[in-house]
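This report describes selected features of one protein model. It takes up the sheet, then a surface patch, and ends with charged side chains.

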Amino acid sequence: MKGLKYQMKSVLQDKFCLMTFLLPILVALGLNFMGSVDMSSLGELHFGVLEHELSPETITWLERYGPVTAYGTQEELTAAIQEPSTNVIGVQADEGSIKTAISGDELDIFQQAAATLPVLYEQRAEAAQVKVQIWERRDILESLQDMFIPAVLIVAMFMGCTFNAMNIISEKEDGVAFVNEILPMAPGQYMLQKVAVGFLFGSLSSVATAWICFRFSWHNLGILLALILLSSFVAALMGLFIGKFSQGLMVGVVYIKILMLVFMAVPIVCVLLGISGPLAVICNIVPSKSAFEGIMALSAGDMRTAVKDVGILVFHCIGWFALYILIFPRRIHPQ
């Protein structure tokens, strides 16, 4: 118990671990806030015209496609078009029609709109006779949030790996590791002391992140909690491996970054490329793939896939635990 209290104090003193713990929660709050913001206005067309140059009918026609701003001089209109932070399309009269002006640094969609607008204006009479059906536009962030939220949860679960690795490396550099080697401590007790705090804080960070991002039923909540706890335990075990193999702080940081990149990249690439079959089975070697897939399956209501991923994570926990005991057997010294 005293060992666990010591590890808890180490967490409060380690800014790197505290940042890893709090960052997923802050990102989850940001995603939750961004999901409630209407960003559809970012895709609207914005027009700039000279005062008293275009007819009221033309202005009314332009306002059907986006807001119109009138400028007093040509210099003001040119400055508005060339402003890098905007996508203003300049519209001027051109012998009974209109012509457009852009700076050239706009997005492709706005450049295409500027090129099409004069032709559309000339055919406005025919276009007015066409029946228009307006479809509801999907939230701009909705499709991305399906991957953002599991990715943030993976980062939160990874907190235990970061803490355990940094804790063991710091003990090596301070000479505490030599003291631990002669302490009368059973293998299970040693692993409990090293894994418990990282596992606890990784689980707490993940639960807080999930509580912000998800609203599940009690039945789904149980599966989600199982995914979080199992993934956090595997991540904490990974931290033990990194701590044991690392000879210094910088080497440990490099290992942590590489492992986290693998944990993030493999499941995301599998989802984006739609990998299936034998290759998808091979990708299950990376524990985060099952956690990521299980969380997305819960979001889609696919309980069968989520339960399967829980089973895969159970095998990961048993396998990595046994591998650690096999590679790093600890001698028990008599008191």
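The model is predicted. It contains an open sheet of 4 strands in the order β2-β1-β3-β4, and the pairing is mixed. β2 (68–71) and β4 (97–101) are the edge strands; each has a single partner strand, so one side of each is left without a neighbour in the sheet. From one strand to the next, the twist averages 35 degrees.

Strands β1 (residues 46–50) and β2 run parallel and are joined by 4 bridges. Within this part of the sheet, Leu50 stands opposite Tyr71 in β2. Helix α4 (residues 74–82) packs on the sheet and touches β1, β2, β3 (88–94) and β4. The direction of α4 makes about 140 degrees with that of β3. In general, the strands of a sheet pair through backbone hydrogen bonds, in either a parallel or an antiparallel manner.

**Surface patch**

A nonpolar patch on the surface is formed by Phe245, Val251, Val254, Tyr255, Ile258, Val262, Leu323, Leu326 and Ile327. Together these residues have about 760 Å² of accessible area. Two helices, α12 (249–273) and α15 (303–327), each supply at least two residues of the patch. The largest share, 5 residues, comes from α12.

Phe245, also a member of the patch, has its place in helix α11 (residues 218–245).

**A buried methionine**

Met166 is located in helix α8 (residues 159–174). With 10% relative accessibility, Met166 counts as buried, since the cut-off for buried is under 20%. Met166 and Gly248 are 82 residues apart in sequence, while their C-alpha atoms are 9.7 Å apart in space.

**Salt bridges**

How many salt bridges does the structure hold? There are 2 salt bridges. Side chains of opposite charge can pair when their charged atoms come close.

| Pair | Closest N and O atoms |
|---|---|
| Lys289 and Glu293 | 3.1 Å |
| Lys308 and Glu293 | 3.3 Å |

The pair of Lys308 in helix α15 and Glu293 in helix α14 links distant parts of the chain, the two residues being 15 residues apart. Lys289 and Glu293 are 4 residues apart in helix α14, so about one helical turn separates them. Through shared partners, the salt bridges join Lys289, Glu293 and Lys308 into one network.

Glu293, at 23%, counts as partly exposed. Lys308 is partly exposed as well, with a relative accessible area of 44%.

Lys289 lies in helix α14 (residues 287–299). Leaving aside residues up to four places away in sequence, Lys289 touches Val266, Pro267, Cys270, Ala280, Cys283 and Asn284. The buried state of Lys289 therefore goes together with a salt bridge to Glu293 in this predicted model.

How values were computed: Residues numbered from 1 in each chain as written. Predicted model: local features only at pLDDT ≥ 70, side-chain atom pairs only at ≥ 80, totals over all residues. Heavy atoms only, no water. Pairing = 2+ DSSP bridges. Axes fitted to C-alpha atoms, helices over the stretch in contact; angles between N-to-C directions. Contact = heavy atoms within 4.5 Å. Patch = residues over 30% accessible without salt bridge, like charges linked within 9 Å, V, L, I, M, F, W, Y side chains within 5 Å. Areas by Shrake-Rupley, 256 points an atom, 1.4 Å probe, with all protein chains shown as cover. Salt bridge = Lys/Arg side-chain N within 4 Å of Asp/Glu carboxyl O. Buried < 20%, exposed > 50% of the residue type's maximum accessible area, 1.4 Å probe, protein only.
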